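Have a look at the model first, then read on.

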Amino acid sequence: MPELEKNIVDDITERLRKHLKQFSGYGEPKFLKAGGSAAVYRVETEQGPKAWKAFNPQFLDGESGAAERRRLNVQRRLINHDCSSLIQTFRVDEAENTAFVEMEFNPWRELKETLSEVPDQEVGRLIAQLVEAVKFLETKGIVHRDIKPENIHVSNDFKQLKLLDLGVARDIEPDEGQDAGVTDHGNVRPFLATAQYSSPEYLFRLDEPSTKLWKGLNFYQVGAVLHDLVMKRPLFHYEMSLKNRWLVARAVLTKIPSFTDVDSNRLSTFKALASRCLTKDLDARLQQVDWTDFNFADSHDPIRLLQARLQKQPKHGGATAKAIAETRLDDERKIYLSRLINFVRAELNHLCGPSIPFIAPKPSVDNPFSAQFLFSLPANKLVLVCTLNLDWQAEIYERTANVILESHLKCEHIPNTNTVYTKKLIVSGTIAEVEDVTFQNITSVLAEVINNALNVSEIEADAESLHCKDILK
C-alpha cells in the first residue's frame, strides 16, 4: 500500500502532537507506519504504550467526508468493547481539523509475515479466535470488510490472535449508498490489496449491500485466512506476484483455490471448510457454511465418529465446434461423477466394512448426474438411501456442480412411494479442481448422515414406522 507523502505525514504528526498535549501523562508520538489515508504512532502513557491513528485531513473534506465520519462513528460504538480477539478502541476524536483514534498497542507480528511458521496444531485455535471477533462485530451490526492476514496480529507462541484495522468497518444495514462497495478511501488503496481477499460478488459489485452480502463476505474472508493458515501461503499468491490487476480479478472470479498437499489427510477438515467458505457463488456459500462449522472444540469429525462407533470455459465458435465442446463437457461431467462415486465407495468401504454393507451406485441412465447409495442398517432391516444429485452450473461456472443430498430410510418389504424429501446443498465441486477436498467433504457428510440414521433406527423398534423417514429434515 503506498504510504502518505512525507510532507503529509509531517503535517499530521504535528497535529497529533498538539492534540496529545491536552492529555496528562502522554508522551511524544513515535511514527510507526503510514497507509494511504492515515499514519500510525506509538505513544507512551502512564498506563503503558498506546497506538494512535492520525488521518490525512483531506479525507474529512469534500464528498468522502460524510462516509469517513460514518466509519468513525462505527469505531466509537466499539470503545471499551469486551472481545479479546478484536483490537481495543479507547477514543475517537475530531480535532485539529482532522481525526484521531486511540487504540490498544499490540506488539505482535502480522500474520501475513508469519504464515510459514504457524504450527498445524494452532490453526483451529487461531481461526476460532478470528471467528469470535467477526461474530462479535455482527452482534454490534458491524462488518469489518477487510479481513486478511495483513490486518491480523498473532502472538509469538501462535496461541492468540487480534483482528486490527477497523478503518473501513461499516454498519451492516444498507444505508451508505455508493460507499457500500468501497474497501478504503476512494481509489487510494491499490486494486490488488482490495481484490485478493474479496469475494467475487463484493469485488465486482454483483449484489446490492445487504445483510446477506456482508454475511457472505465474512465467510469468504475468514475462509481465505483459513486457507492461508493451512497452506502456509497467501490466497492467489501467484497472481499477486505478477502484480497484474486483471489476472487477480480473474482469479477471484473463476479460479478455485488449490489445497494440493504432500499429505492429503493433513488438516483435511480445515481444507474442506475453507473450500466451502471460498465457494464463488454467494447463495451456494451461504447454504454450505454456518458459524457452527467453526465450533471445533465442541464437534467431532463425523468420519472418526463413525469409525469409533463401528469398532465398538471457454466460448465456442460455429455449430459443429459448439456441439463437440458440449459433448466433451458432458463426458467430463460424467467422468467427474464416476470419480466421485469411486472415491466415496473406497472411503466408505474402509469405514463401514461388514458392519454396514452398502451398494455403491453407477450413474443412472435416466439421470446421468445422480448417484444413489444404499446402506443396510444393522437394526430393523432398514435401508438408508442417500441420493447425490449434481446440479451443474452455466457459462463461466459450467465445470462446477452444486452437490445436493437427499436421504431417507426405507423398509425393505414396503414398496416405494412418491414422497418428496429434503434437499441439502452440501458442497460445490469443480472438475479437476481440489477434487480430493470436495470428495472428502461429501464422504464426511455421508458419515454424519449414517450416524444420524443409526440413532433413529436404534431408538425406534418398529421398522415400518420409519419407512420414508426423512433423515435431513
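1. A residue counts as buried under 20% relative accessible area and as exposed over 50%, with partly exposed in between. Keep in mind that this is a predicted model. Lys243 comes out at 66% relative accessibility, so it is exposed. You'll find Lys243 in the loop between helix 8 (237-242) and helix 9, and its phi is near 55°, a positive value in a residue other than glycine.

2. Leu267 also isn't a glycine, yet it has a positive phi of about 50°. This residue sits in the loop between helix 9 and helix 10. Is Leu267 buried or exposed? Its relative accessibility is 18%, which is under the 20% limit, so Leu267 is buried.

3. Now for the inside. The largest nonpolar core has 59 residues, and Leu130 and Leu229 have the most contacts within it. Several elements each supply at least two residues of this core, including helix 4 (123-139), helix 7 (211-231) and strand 8 (152-154). Leaving aside neighbours within four places in sequence, Leu229 touches Leu111, Leu115, Val118, Val123, Leu126 and Ile127.

4. Another core, of 44 residues, lies apart from that one; Cys386, Ile426, Leu454 and Ala463 are among its members.

5. Then look at the open sheet: five strands, antiparallel, in the order 11-12-13-14-15. Strand 11 (358-359) and strand 15 (424-430) are the edges, each pairing on one side only. Strand 11 joins strand 12 (residues 370-376) over two bridges, with Ile359 opposite Leu374.

6. Helix 14 (residues 435-459) lies across strands 12, 13, 14 and 15, and runs at about 160° to strand 15.

How values were computed. Residues numbered from 1 in each chain as written. Predicted model: local features only at pLDDT ≥ 70, side-chain atom pairs only at ≥ 80, totals over all residues. Heavy atoms only, no water. Pairing = 2+ DSSP bridges. Helix = DSSP H or I, 4+ residues; strand = E, 2+ residues; numbered from the N terminus. Contact = heavy atoms within 4.5 Å. Axes fitted to C-alpha atoms, helices over the stretch in contact; angles between N-to-C directions. Core = buried A, V, L, I, M, F, W, Y, C linked by side-chain atoms within 4.5 Å. Buried < 20%, exposed > 50% of the residue type's maximum accessible area, 1.4 Å probe, protein only.
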